[in-house]
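Subject: Handing over the model

Hi,

Here is the structure I said I would pass on. Have a look at it first, and then read my notes below.

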Amino acid sequence: MKPQDLVFYQIYPRSFCDANGDGEGDVAGIISKIPYLKDLGVNAVWISPCFRSPGVDSGYDISDYRDIDPRTGDLSSFCRMIDAFHAVGIKVILDFVANHTSTEHPWFLEAKSSKDNPYRDYYIWRKTPPNDWQSAFGGSAWEYDAATEEYYLHSYAVEQADLNWENPKVREEMCAVVDFWLDLGVDGFRCDVLDQISKDFAGQNGNGPRLHEFIRELFGREKTKDIFTVGECWSADGENVRQLCGADRGELTTVFTFGHLCLDGGKFTTDRASLKEACRRLAEWQTLCETLGVINTAFFENHDLPRAVSRFGDDGQYRYESATLLGAIVLLSRGVPFLYQGQELGLTNSHYTDVSMFRDVEILNYYETNKDTLSPDELFARICAGGRDNARRPMPWDEISQDNFWIPDGTRRAEINARADLSAQRSVYRTFQRLIDLRKAEPALREGGFVCREITDDRFVFSRVTAEEEITLVCSLGKSTPIPSCEGELLFSNYEKVGEDLLPYQFVIFKKRS
Ligand code: GLC
């Protein structure tokens, strides 16, 4: 199967489905929802980490790469889950967290026990910090270890120590981790902050000089030649994306880049870039990747991002319309589309004004740093606009809350949940289902070139074009606006009627022979 034939759905296991009622999503819960995913039409899932972990960064702090966290399941139930996905034609990729381990990982426990321990060099230690790198979650990225009188690097939480990829043993260990999961049947990996594994201590933390070599050592092997890999590469620009994407050269199938989602001037801000700006950037990136001949990804959501309908749409009056419009942009784009759990229900951000309702280490650090200088209104407005917990609230299968869940419900569970959506006249899920069907039915949506026709304050219009046909998506960016003249057969819209004007957040899809 070609990468662009895949439609991915990201599962964040802790919040997806809790089958045993212990307050944490689990493998049995995921298995129970395979029919729901199959019906939606996706044919690949990315499963966020559920390896053994102290849970400081919700599983991205791994203490055993080869075991499943007991709160989520165990290895044998996990393998049953992989088989169950495969049985219905859904591929499974896992998160591969290569840049750092938990400080509870046995390698780090050994490494910090003494300077001459054989595992010392698995991590990055310095007598004095060689630079002023900041941790992504706030504060210095260098943490002093009083026992051995040196600093170790942690690009993320203090409890996530960066691995030293210059050490060949680390690279061997990580290849072995990849192979372990391939032997258990997974189809590939989403590689967490992959562009940080090679460091240039004199520069920025990312895109170091040996990045491509390290990637090829991981994925340029006989065993990995047919797998799907997507690297989370915040620093990828036009030049290095060309190098990064090239599975035939032992690098990656594709990358996640964030240009269209980083236009806000900060993570925790209420001053958000417009949908038009995001679309402009997305279109530029689509065009660039096509020119470079690389496969890109298309997405608006993941477990680190606020809910797209709240960020770019109207999560009040036009929630159905704007959620489906954002879905259409992703599902009709060039490359590999990724949906995030709950996006297919039009889940929104949640508004809480009490710190006890938040769990994310990044939010809690931000709160601590800013609580004495920002007013509570401003502080919580920023956290609710940008915080990662928006995406991590329990998947609302129905309106009934589960009191013991590790993170409180989203604020609108009673109104927005799978049961309600699936029986609604205007169901976000059903519209996503139709869009996915359309992508499967129309070669132009998978193989076609990307042509941006128009971006104005009111409209975004693009086509996917092959020698035979042309499919055009016309989007209202929020207001009523005339439909530009588009010839062809009307395939689909998120409004019942298509008149002369697009209505707010209406999309219309046309098809014509080229
Ligand atoms: C990635 C993950 C994020 C995590 C960070 C550190 O950005 O998506 O959730 O906190 O890496 O592992």
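What follows is a walk through the whole chain, its sheets and its helix pairs.

A few ground rules before we start. This is a predicted model, so to speak of local features a pLDDT of at least 70 is needed, side-chain atom pairs count only at pLDDT 80 or more, and totals for chains, interfaces and linings use all residues. Residues are numbered from 1 along each chain as its sequence is written, and side-chain values use heavy atoms, with hydrogens and water left out.

**The whole chain**

The chain has 17 helices and 22 strands. Both are DSSP runs numbered from the N terminus: helices are H or I with at least four residues, strands are E with at least two. The radius of gyration is 23 Å, close to the 24 Å that the globule rule gives for 514 residues, so the chain is as compact as a globular protein of that length. (That radius is taken over C-alpha atoms, and the rule is 2.2 Å times the number of residues to the power 0.38.) Along the principal axes, the C-alpha atoms fill a box of roughly 75 × 50 × 45 Å.

**The three-stranded sheet**

Three strands make an open sheet in the order E7-E9-E8, with antiparallel pairing. E7 (125-126) and E8 (142-145) are at the edges with a single partner strand each, so one side of each has no neighbour in the sheet. Strands count as paired if DSSP finds at least two bridges between them.

E7 pairs with E9 (residues 150-153) over two bridges, in the antiparallel sense, and here Arg126 stands opposite Tyr151 of E9. E8 and E9 also run antiparallel, joined by four bridges, with Trp142 opposite Leu153 in E9. The hairpin of E8 and E9 has four residues between the strands, and Glu149 takes a positive phi near 55° in that hairpin.

**The five-stranded sheet**

Further along there is an open sheet of five strands, in the order E16-E17-E18-E22-E20 and again with antiparallel pairing. Its edge strands are E16 (449-455) and E20 (489-493), each pairing on one side only. On average, neighbouring strands of this sheet are turned by 20° against each other, direction ignored. For this and the angles below, axes are lines fitted to C-alpha atoms (for helices over the stretch in contact), and angles run from 0 to 180 degrees between N-to-C directions.

E16 is joined to E17 (residues 459-465) by six bridges, the two running antiparallel, and Gly449 stands opposite Val465 in E17. Which helices lie on these strands? H9 (residues 275-292) lies across E16 and E17, at about 150° to E16. H11 packs on the sheet too, touching E17, E18 (469-476) and E22 (507-513), and its direction makes about 150° with that of E18. Contact means heavy atoms within 4.5 Å.

**Helix pairs**

Two packed helices are described by the angle between their axes and the distance between the axes. For the words used below, angles under 35 degrees count as roughly parallel, over 145 as roughly antiparallel, 65 to 115 as roughly perpendicular and the rest as oblique.

H11 (residues 319-332) also meets H16 (residues 428-441): their axes come within 10 Å and cross at roughly 20°, so the two are roughly parallel. The contact is made by residues including Tyr320, Ala323 and Leu331 of H11 and Phe432, Leu435 and Ile436 of H16. By class it divides into 10 nonpolar, three polar and two charged residues. (Ala, Val, Leu, Ile, Met, Phe, Trp, Tyr, Cys and Pro count as nonpolar, Asp, Glu, Lys and Arg as charged, and the others, Gly among them, as polar.)

How do H12 (residues 361-370) and H13 (residues 376-386) cross, and at what angle? Their axes come within 11 Å and cross at roughly 160°, so these helices are roughly antiparallel. Ile363, Tyr366, Tyr367 and Asn370 of H12 make the contact with Leu379, Phe380, Arg382 and Ile383 of H13. Six of these residues are nonpolar, one is polar and one is charged.

Last pair: H6 (residues 168-183) and H7 (residues 211-219) pack at about 45° with axes 9 Å apart, and are therefore oblique to each other. Arg171, Met174, Cys175 and Val178 in H6 meet Phe214, Glu217, Leu218 and Phe219 in H7. That contact has six nonpolar, no polar and two charged residues.

Over to you!
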